[in-house]
Structures are given as C-alpha cells and as structure tokens.
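Let's read a structure together, one feature at a time. Bring your questions, and we will go from the general idea to the case at hand.

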Amino acid sequence: MRLLFILGEIGSGLRRNLSMVISVVLVTFVSLTFVGAAGMLQMQINQMKGYWYDKVQVAVFLCNDGSTAVGCASGPATKEQQENLQAMLESPAVKQYINDFQFESQAEAYKHFKEQFSNSPIVDSVSEDQLPASFRINMKNPEKYQIISETFSSQPGVETVSDQRQVLERIFSWMNGASVAAVGVAAVMIFCAVLLITTTIRLSAFSRRRETGIMRLVGASKTVIQLPFILEGVIAAVVGAVLASVTLWLMAHFWLNGDLSRQFLNTPFISSTQVLVIAPVLIALGAGLAGISSLLTLRRYLKV
Amino acid sequence: MSGGVLRAMIRFENVTKVYEQNARPALDSVSLEINRGEFTFLVGASGSGKSTFLRLILKEDKASAGSVYVAGQNVANISSWRVPKLRRGIGVVFQDFRLLPQKNVFANVAFAMQVIGKSRSIIRETVPEVLKTVGLEGKERRMPHELSGGEQQRVAIARAVVNRPGILLADEPTGNLDPITSMGIMGVLDKINQNGTTVVMATHDDDIVNEMRRRVVELKNGKVIRDEAKALYTSMIPVVGESRRLRDASGEELDRAQGAQL
Ligand SMILES: Nc1ncnc2c1ncn2[C@@H]1O[C@H](COP(=O)(O)OP(=O)(O)OP(=O)(O)O)[C@@H](O)[C@H]1O
Ligand SMILES: [Mg+2]
C-alpha cells in the first residue's frame, strides 16, 4: 500500500512538473554523454596502444627519385647501398636492439598505399616510384629508437629514419586532450544538472506543500514524505543517463564501427559492446547525483 | 512514574516559549495537566499563546524552557525519526480545514491512512465508519468545493480521527463557520470525546464555550490566568472592575442563552 502510494505520488509529481522534469532529463543526458565520450576516448586510446605498441616500427626510408634530403644527393638508393644497410641490420651491434626487420620495396609500398586509401582519389595521383622503399624494424625496446636513428640516418642512400611511435604518441596526446575537454564540458553540464535538479525538487516540494503538510500532521514517516521527491529527481536523471548510453552506443555502432572503421582500415576501434560497460557507470552517476542533490534540497525546503 | 502522570494525557511543566529574543514569551512558565478523556477549551485574546500551546504538544516547536509530556513521555526526548509516531497519536483540525482540493471526501480521509501504510481493505472498512461518525454518509464522492464549510470541517475532523488518535487538537475549528453550523461541529467533537479521545480546542467562540460548559483554560500574554471546570467563556470570579463589567455582560449573555433554550 505504501509502495503503491509512493509510486502514485511520484507519478503525479512528474506530471505536475513535466517541463522541469524534461529539462532535467535533457541536461543530464547531455552532460552524461560528454562524460561517456571521455570514457570512450580513454578506452579507444588503450585499445590503440595495446594494438599498435607491439606492431609499431622504426622505418628507415631509402632515397627515391624525388628525395631532397642531403643523404640523397647522389640519386635513388642503389642496390649496394641497400645491401650495405641490410648487413648493418644483421650485425651484432644493431641486432641486439631489434627483434626482426623486413624490407618493403617500392612495389610493396605502392600496394599498401593503394589498400589504405582504396576509396580516395589520392591513389590515382601517386605512382610507384614516388613512394620510398624502406626497412621496417621491430624494436625490442621502442625507447632505444635514438640509437637506430643515429646509426642509420647518416648512411648513404637513407632519406630519413622515422619512429612511428612518435606519430602515435601525438595522436594519443591529441585524444587525451579531447577527453579532458569532454570532461571539462561534462563538469559544467553536471553543475547545471545539479542546479536544475535542485530547483525542480524545490518547486515540486513547494507545489505539494499542502500534501506534505498533512502527511506530517498525520504522522507519515520521513521516508514516505521525502522518497517521492527524491525518486522524482532520480528517475529523471536515470532517463537522461539511459539516453546518453544509447547515444554513445549508436555512435560506436554506426560511426566508429561503420564509417570510421571503413576509412581507417587498420585502426582498431572499440566495439559497441565495449561501450555498454560505460552505461552502468553513467546510470549510477546520474542516479547518485540526483539522489544527493534532491536529498540536500529537501533538507532545506521540506519540513518533516 | 506516578499514577498522576499516567492519568495526565498532556502535561506542561513550567513551559516557556520564546520565538524572538526581545519579544515577550509566547508562553510564560505554563504548568498544566490535561487528563485522559477530558474536553478542554483554550481561550484568550489573539496572541495569548493558544496556537503555540497546541504546537508544542505536536513537537512542531520546541519549548524554550520547561517540559511538555504527551502520554507520559517528554517530547523533548523523542528523536526526530520517532516524531511521526507521536503525531499518529494526535489528530489536528484547523480553522481553514486544509483539505486536498483535487481529492474527493473519501480520498481526503483515506490519505491519512495511506501515508502511514494502512492496507487498502482496512481503509475501505474504516473510512465510511468515520464519515458516518462525523455525519457525512453518502457524501464520499463529493469534491471539497462541492461541500459547505461545515461539511468541509467534518471531513477534516474525520481525517484527524481516522487513525484513532488518543488526542484531538482543534485550533479554532469553528472560526469560519456560522453559529448553527458551529454547534453541529461541536456535536461531532463531543461525540469523539465521548468515545474516549482527549480534546483540546482553542477558540474565540464564546457561545460555544458557554453552551458546552467544559473545562476552560484562559491564557493572557502567555500566562494561564484561569483554569476552571464546567466554566464559561469569561470568568465568573470578579477580580477587578474590568472583570466585573465582563461578568455582567456574560451573565446577561447566559440569561439570553438560557432564555433561548426555554
Ligand atoms: N512562528 C512565530 N515566530 C515568531 N513569533 C510567533 C510565531 N508564532 C507565534 N508568534 C507569537 O507568539 C505569540 C502567541 O501566538 P499564538 O499564535 O500562539 O497566539 P494565539 O493565541 O493562537 O492567537 P490567535 O487567537 O490570534 O490565533 C504572538 O505574540 C505571536 O506573534
Ligand atoms: Mg492561533
């Protein structure tokens, strides 16, 4: 009976304050979407780190026709230069730092390039001899990149030595920055959400002061008087959190695993199932915030 | 605890209530006992402290000094989460009825039971009984705005007593009603009192007090200046010239009332 009563009270409270309740739903929806997006970015960073870190290589690019580097003054790398480099890689001095290495010819480079940009017009404007051949080196310890770089960059026929890890680090730090920004936006929005929940509960308590006054006089317990208001805020926030979770899932499903993964074939995107891990966190966060802010508001504005 | 304490449903021991530091106390060292089953009128000019007295019984306010006992228990010692239990033992009626306008008569009375978790079947059984006691049979489905003031007050009384409290506090329950309707309300309160409920009623209505002839406690500036059994609205005891004049007036009034009865 008391449960039914409380449910009825919640229903009438939600109906009476519909526009306020809707705004609470929307604000928590937006703020938690940002929280969730920050979480997704972090998951994506970890995913990429795990995937790339044992795959990233140091590439020693050889001179080709178009090379402008100082080491390439004598034109494209010759067969001897290439064999010389290979011998160096196999020498014990270098070998101790690397797991293995492969040679990627200009033809292979062109093939990889075509695969990677299969649906981009750029493929047609690039020819095979414009791409450099390279040695792809798997480091035992990627931190030792400097040694390889120093050893090879001054060799004849070498255009440049590049560390792919550095490129990745740049991407990661960009993604980290984006997730910090998302958390910042989320913090502001959560602040709005808390203020809005507070106001909504206050209005709700005010519009039902007759009922609560009578409840108090006939000896209704604090729980029976306050619970409908608290649940009103919590329900609105949970609806917002569910909407945020659904939005994030849709983003992961149709954007990350749709368009983006078609564009970036060898980037490992987080799956939409992984995103579902975020949903309970968002719901708990929404419910907790709403519960606490309603409780504190009622302490001040609802005499029991 | 002595037998006296148990017999006393409400006991004030040197109770002082100060709302604002510099103002005179709303209640000034009031000591009073109201026994189980008694019917007591609380009279006195506006601002004499009648409502304050009732609020202290409900623990709506805290006494600044002294102790208030309800059913033998010092209300100061009741923790905030047990205050609802205290209030379940006390029904309250006000001058302005305080009904819920969007609920019908039955729902208004049932509300008091729902919020303390009474089962639906008990509510369906009890509410019509109580509505009969206050003389509202057949009006269960009416909305408050479809009732006269007297009927609305009967609904409020039904709501106050539906959980069978030991005490009924009424703060000027007839303040908004005409004399005949007021008498009807008094009949209901009397009936509830006959059933064993202790009734304390604050009022300015001299006709009612004179008609009922019950205990009268008179407050003035927060002090009890009279406590008389089977008394009239104004004192029969001549103290100063002012009182004599009032007594004469009330004497006339009494004669008139008796004459009307004959
Ligand atoms: N909440 C309050 N804050 C400050 N002062 C108050 C408060 N309630 C009552 N008072 C003061 O306490 C005194 C007693 O008020 P109380 O309401 O008890 O009088 P009363 O006898 O019920 O009067 P009335 O017959 O007009 O209802 C008055 O002087 C009033 O101004
Ligand atoms: Mg009063």
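Q: Where does E60(B) sit in chain B?
A: Look for the flanking secondary structure: in this predicted model, E60(B) falls in the loop between α2 (50–57) and β4 (65–70) of chain B.

Q: Is E60(B) buried or exposed?
A: Compare its relative accessibility with the cut-off, since buried means under 20%. E60(B) has 16%, so it counts as buried.

Q: Which residues is E60(B) in contact with, leaving aside its neighbours within four places in sequence?
A: Check both chains here. From chain A come R216(A), L217(A) and K303(A), and from chain B come R55(B) and R87(B). With R216(A), the side chain of E60(B) makes a polar contact of 2.9 Å.

Q: How is chain B divided by the domain assignment?
A: A domain may be made of separate segments, as here: domain 1 takes 3–89 + 165–261, and domain 2 takes 96–164.

Q: How much area do domain 1 of chain B and domain 2 of chain B bury between them?
A: Read the total along with its atom types: about 1200 Å² is buried, 72% of it on carbon and sulfur atoms. On the domain 1 side, R88(B), P165(B) and V188(B) lose the most area, together 38% of what that side buries.

Terms used: Residues are numbered from 1 along each chain as its sequence is written. Chains are lettered from A and ligands numbered from 1 in the order in which they are written. This is a predicted model: local features need pLDDT of at least 70, side-chain atom pairs count only at pLDDT 80 or more; totals for chains, interfaces and linings use all residues. Side-chain values use heavy atoms; hydrogens and water are left out. Helices (H or I, at least four residues) and strands (E, at least two) are DSSP runs, numbered from the N terminus. Buried means under 20% relative accessible area, exposed over 50%, partly exposed in between (1.4 Å probe, protein chains only). A polar contact is a pair of N or O atoms within 3.5 Å; within protein, one must be able to donate a hydrogen and the other to accept it, and residues adjacent in sequence count only if both atoms are side-chain atoms. Contact means heavy atoms within 4.5 Å. Domain bounds come from an automatic or database domain assignment. Buried area is the accessible area (1.4 Å probe) that two parts lose on being put together, summed over both.
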